[in-house]
Amino acid sequence: MSDAYKAAYEREKIARLAAEKLLDEKSREVQSSIEMIHYQFNDLMSQKKESDYLLAVSRLTQTDQGLKKSVHDYTTESMKFLNAKCSRYSYISDGKIVISNLIGSDDQLPKLGLNVYQDIYKKDDRSTVMISELNSPELLGVSMVLGINRVVFLPIKSFGKVNTVCEIYLSEGVDFKPEVLDQCQVAGFQISAMLERSADQKELEKSYQEIKLSHDKIKQAQAQLVQSEKMASLGQLAAGVAHEINNPIGFVTSNFSTLKEYSHVLAEYFSHAVQLAEQSDNEISSVMKKMDEKENFKFLFSDIKNIMDDCDDGLLRVKEIVANLKSFARSDEEVTGEFKINQCIENTIKVVWNELKYKARLHKDFDENDCSVKGHEGQIGQVIMNMLVNAAQAMEADGDIYIQTRAQDGFVRITIRDTAKGMPQSVMDKIFDPFYTTKGVNEGTGLGLSISHGIIEKHGGNVSVESEEGVGTCFIINLPIAD
Amino acid sequence: MLGIVFNALEEFVLETADMETWNAVIDASDLQSGGAYTFGVTYEDSEIVSLATNLCKQLDIPLETGLDLFGQFFFGYLIKKGPIELQEYNDTQTLLKNIEDVVHRDVKRLHPNAYTPFFEYLPDTQSSGSLTYASKRRLCMVAGGLLQGAAKHYGQSVEMEHVQCMHDGAENCIWQVKFSKH
């Protein structure tokens, strides 16, 4: 080799070394880049997995599928996220820790030691994700069968207290960065928020129901107040009318009684006079015979008796109406005395039995404890009688009347139910109004139920009616039990 | 300056002269690298100046002529061994339009520390325009040679008028150029 090429060869060797060095550097750079890309790819995949997990948990918090299902799904999603073998969850119900079945395996896993749960459920102030080894003797065998060696606890708090804990069981080879557990914690916060939101909603619904109930009660009280006002006004009117009618009807009745006696005397006198005239033959007897033929005294006196009897009935009815009006007007009188309600009803049934027995079968179902009620036994009896008679009168054919007493919450509830024709809502709305009646003229005054209403209110109770056309009617009376 | 330029110069000397000449040029130049150049390695700019000067002395030609001839040779070398993008164009004008955004960008991608000269071609007509060159190395003779080499490669002839030169104190060099097909 010539000297010239020898020098060139030497330079070439140096250049080749530099090239090799450069190649080495570039190779390292490429390798480093590949590693970086690999790392970034893995990082991206982890981020995607985290995003998918958080999105799945977020979605399940948006759907209204019940708390238990939500916790179950959160446990399942967390199990998938941590590449875990199986999982389960526990929650507190009625002060006890309830544990779900194992998710992801058909095998059974014994409870962890009670102290473990107590420890987790007590850590309200620092309830964070924890990871523990499964090394207790009772778990060791099952753990080996299931191929698990660690458990991740994901506590879920609601209003500052841990009330649910998810247990995610990991296989031996599974590993992850500590930040992964932070994502589980974040997802747990979402579930916590959902639990709190759900509890708030339930509380809101409960409040709404309470307000609705109060509103209904106020409406009912208002209706009762209106009824009471109506009763009070009509009571005053009735008292005035009763007072005004009572005096004239008194002397009319008295005079009519005297008039009746006089008519009897006159009838007897004419009977004898006509008899004597028939036996005689003189001018007087002749005149009397002619008058008798013309007027027919026998018929006249018979008719007078009928008219007197009708008037007597009429006066009796007027007296009864006035008495009813007085009874209606006396609603403000103070209630005194005590009586046994079952006994009172039994006595009333005896009085009205003759009116009931041909139309209805009576079924009694009294409370074993015959409660005492404060008030007038007679007035309550009048109310019961009124309702039993009404029930019987409403029956077009044979029917049943069920009368029941039950004591509850300081009240005795008297239910009188019939299987008569029932009534429409329009009738029910007015049934306690004074002078409202569905009976024919001269059959009812329309005061019975309004007087009953007044009596029950005066006794500190209430009365209501339920009815269905073609099925029957039920009156419900509540009276306070005496102390 | 990247080793590719030194490799091209060596190739140029071996083609136009011989190995003894190249050895003599290296011996005459005071080189930190010792005259051993690798394609992708960066060397001191002073080495190319020293080599070019000594080469022209050895060949007994003016420096401007030497640099111009090297520039013409260098384009052919770049087409064979330079960025692949150079092979995508069909005429010098298109190459000049893309030299900054495509060719030099690719050089920077492969050699982030490499210094590249600035070229800007502003066409007046389809076949004429002005070419601006700027570089801290002020090797406008090589640039001119490169342009001629490019035209030759694409089967064109080029008329060049060096209307502004950095060696006259200007910020950059400008040529009025006119291309025509052979």
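1. Start where the chains meet. Eleven residues of chain B are in contact with ten residues of chain A. Contact means that the C-beta atoms of two residues, placed from the backbone, lie within 7 Å. On the chain B side, five of these residues are nonpolar, five are polar and one is charged. Here Ala, Val, Leu, Ile, Met, Phe, Trp, Tyr, Cys and Pro count as nonpolar, Asp, Glu, Lys and Arg as charged, and the others, Gly among them, as polar.

2. A word on the model. This is a predicted model: local features need pLDDT of at least 70, side-chain atom pairs count only at pLDDT 80 or more, and totals for chains, interfaces and linings use all residues. Residues are numbered from 1 along each chain as its sequence is written, while chains are lettered from A and ligands numbered from 1 in the order in which they are written.

3. Look at the sheet in chain B. It is open, has four strands in the order β1-β2-β4-β3, and pairs antiparallel. Helices (H or I, at least four residues) and strands (E, at least two) are DSSP runs, numbered from the N terminus. Two strands pair if DSSP finds at least two bridges between them. The edge strands are β1 (118-123) and β3 (156-164) of chain B; each pairs on one side only. From one strand to the next, the twist averages 25 degrees.

4. Inside that sheet, six bridges link β2 (residues 128-134) and β4 (residues 173-181) of chain B. B:Gly129 stands opposite B:Val177 in β4(B).

5. Two helices meet this sheet. Helix α6 (residues 140-153) of chain B packs on it, touching β2, β3 and β4 of chain B, at about 160 degrees to β3(B). Helix α5 (residues 92-110) of chain B lies across β1, β2, β3 and β4 of chain B, at about 130 degrees to β1(B). Axes are lines fitted to C-alpha atoms, for helices over the stretch in contact, and angles run from 0 to 180 degrees between N-to-C directions.

6. Is α6(B) buried or exposed? Twelve of its 14 residues are buried, including B:Leu146 and B:Leu147. Buried means 20 or more other C-beta atoms within 10 Å of a residue's own, exposed 12 or fewer, partly exposed in between; C-beta atoms are placed from the backbone. The cover includes α4 (63-81), α5, β2, β3 and β4 of chain B. Just after α6(B), B:Gly155 takes a positive phi of about 75 degrees.

7. Now chain A. Eight bridges join β9(A) to β10 (residues 411-418) of chain A, running antiparallel. A:Thr405 stands opposite A:Ile414 in β10(A).
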